[in-house]
Amino acid sequence: MDPFFVKGAQLFLSLSLLIVLHEFGHFIPARLFKIRVEKFFLFFDVKFSLFKKKIGETVYGIGWLPLGGYVKIAGMIDESMDKEAMAQEPKEWEFRSKPAWQRLIVMIGGVTVNIILGFFIYIMIIAYYGNPVVGPEQMPDGIEVSEGFKEYGFRDGDQILAVNGAPYENNLAINRDMMLRDVSSITVAHTDGSEETITIPEDIGTTMFQSGETDALAPLIKPVLDSIVPESAAAKAGLKKGDVLTQINDNPINTWTDFKGSKKEGVNEYAVTYSRDGQLANTTVTLDDNGNFGVYPKANYKSKVVKYSFGESIAKGINHGYWKLHDYVAQFKYVFTKKGASQVGGFGAIAGLFPDTWNWLSFWETTAFISIILAFMNILPIPALDGGHVMFLLYEIITGRKPSDKFLEYAQMIGFFLLIALVLYANGNDIYRWITGS
């Protein structure tokens, strides 16, 4: 099946699940406090809906505009802007007639469900699948170091032993941790057997982001061919699985990065030297119409899956969820830069989080992450979001004064237009990247 449709189907299923559960987070406490819920919709029903059915006091339905969902709570100033109902005398079953603490619980219900759901999924993933790690034993060839990081003392082939003095569990996460967490030192074992603790600058994350060296310490992959695409340029040139590339157009090849860097724009023919069964040989590769060699490397590392009891999985899952939330919040320091703003994405970027083929582990991992993202974004103190309502309710609880309905209406309108502008901007970036291929 086309990857576009696979990603789209996963995105649709994931968001549908998360939106419905988020809205139930508002619905359940509202009903517990005897507040009337007039509508419960997946997606928005602007002008018309795809399906609706009234059960009791509530109309349940599916809208046609897939930009979220909502519950319409009686007596609440929300995106429906039902001024006629708000102009009438408050009823005992309306949101506005309830104590501020009850209204606050209703408003934080959706975010609470998203956080709990995200953590719960991570717990179940670790309990069922275990936790994959890549330590020195699983990555025997060590790391490949970008040119900028060699200045700090790192060398190709280094093994990462510890970070901030503590044993390091997953070497594949080192770049993320340098960009988003507090990494002050990294202890490595060099290929000559010596060990060194390298001090990491405080602004290392910003340096990596601005320079584009976001994979500064990557697994060192040797230029060993693992598979050859049938009828590809490499296959026609006689290259086979197991061949080791040693030189391309007078450029020595020691790593897979060297091989990728040997390709030059506008050059279609390459003189290739390779080793097969210990013997050197030469061939000429003429790239195909798409500019491809048609070769893939042999991975030199594999993860070790650590299993936990269910009790241990609870602690591990909560810890994993906490750090996912921490890292997501931390990356905003890069978003609010000129370079970062251009990388903001919408539904296309979210769909890109899912794999090209259906994989339940990846689906649930991504769904948990999106759930945590929705929780954080919804609690931001922006009118029209849950966080905006929470902000005004906290003001009321602290001061004892409730903002006027007119003020809340204007705030809701301003927040709504801000959100629409952000959605258009983010999805506009997706479209631009799709058109330009960037």
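Author: Gladly. A salt bridge is a side-chain nitrogen of Lys or Arg within 4 Å of a carboxyl oxygen of Asp or Glu. This is a predicted model, in which local features need pLDDT of at least 70 and side-chain atom pairs count only at pLDDT 80 or more, while totals for chains, interfaces and linings use all residues. Residues are numbered from 1 along each chain as its sequence is written, and side-chain values use heavy atoms, with hydrogens and water left out.

Reader: Then what makes R181 and D327 a salt bridge?

Author: Their side chains come to 2.8 Å, N to O, and the rule asks for a distance within 4 Å, so the pair qualifies. R181 sits in the loop between α5 (174-180) and β7 (185-189), whereas D327 belongs to helix α9 (residues 310-330), so the bridge ties together parts that are 146 residues apart in sequence. Helices (H or I, at least four residues) and strands (E, at least two) are DSSP runs, numbered from the N terminus.

Reader: Which other residues are linked with R181 and D327 in a network of salt bridges?

Author: R176 and D177. The side chains of R181 and D177 meet at 3.4 Å, N to O.

Reader: Are D177 and D327 buried or exposed?

Author: Both count as buried: D177 has a relative accessibility of 7%, and D327 has 8%. The cut-off for buried is under 20% relative accessible area, with exposed over 50% and partly exposed in between (1.4 Å probe, protein chains only). R181, at 22%, is partly exposed.

Reader: How many salt bridges does a search of the whole structure find?

Author: The search finds 16. One of them joins E57 to R36, the closest N and O atoms being 3.5 Å apart. E57 is in the loop between β1 (37-55) and β2 (58-73), and R36 is in the loop between α1 (3-32) and β1, 21 residues apart. E57, with a relative accessible area of 39%, is partly exposed, and R36 is partly exposed at 24%.

Reader: How do you know which way α3 runs relative to α13?

Author: Helix α3 (residues 100-129) and helix α13 (residues 360-379) pack at an angle of about 155 degrees, their axes 8 Å apart. Angles under 35 degrees count as roughly parallel, over 145 as roughly antiparallel, 65 to 115 as roughly perpendicular and the rest as oblique. That makes α3 roughly antiparallel to α13. The axes are lines fitted to C-alpha atoms, for helices over the stretch in contact, and angles run from 0 to 180 degrees between N-to-C directions.

Reader: What makes one face of α6 stand out?

Author: In α6 (residues 204-211), I204, G205, M208 and F209 are buried. Seen down the helix axis, these buried residues fall within an arc of 130 degrees, so they line one face of α6. The arc is that of the directions from the helix axis to the C-beta atoms. After α6 comes G212, with a positive phi near 85 degrees.

Reader: And why is A216 called buried?

Author: A216 has 0% relative accessibility, so it counts as buried. Its place is in the loop between α6 and β9 (217-219). The C-alpha atoms of A216 and G148 are separated by 7.8 Å, although the two are 68 residues apart along the chain.

Reader: Why do β6 and β8 count as edges of their sheet?

Author: The open sheet has 4 strands in the order β6-β5-β7-β8, with antiparallel pairing. β6 (166-167) and β8 (195-199) each have a single partner strand, so one side of each is left without a neighbour in the sheet. Two strands pair if DSSP finds at least two bridges between them; β7 and β8 have 5, in the antiparallel sense. Among the bridge partners are A189 with E195 and I186 with I198. In the hairpin of β7 and β8, which has 5 residues between the strands, G193 takes a positive phi near 95 degrees.

Reader: Finally, how many helices and strands are there in the protein chain?

Author: There are 15 helices and 16 strands. Of the 438 residues in the protein chain, 42% are buried. Taken along the principal axes, the C-alpha atoms fill a box of roughly 90 × 50 × 45 Å.
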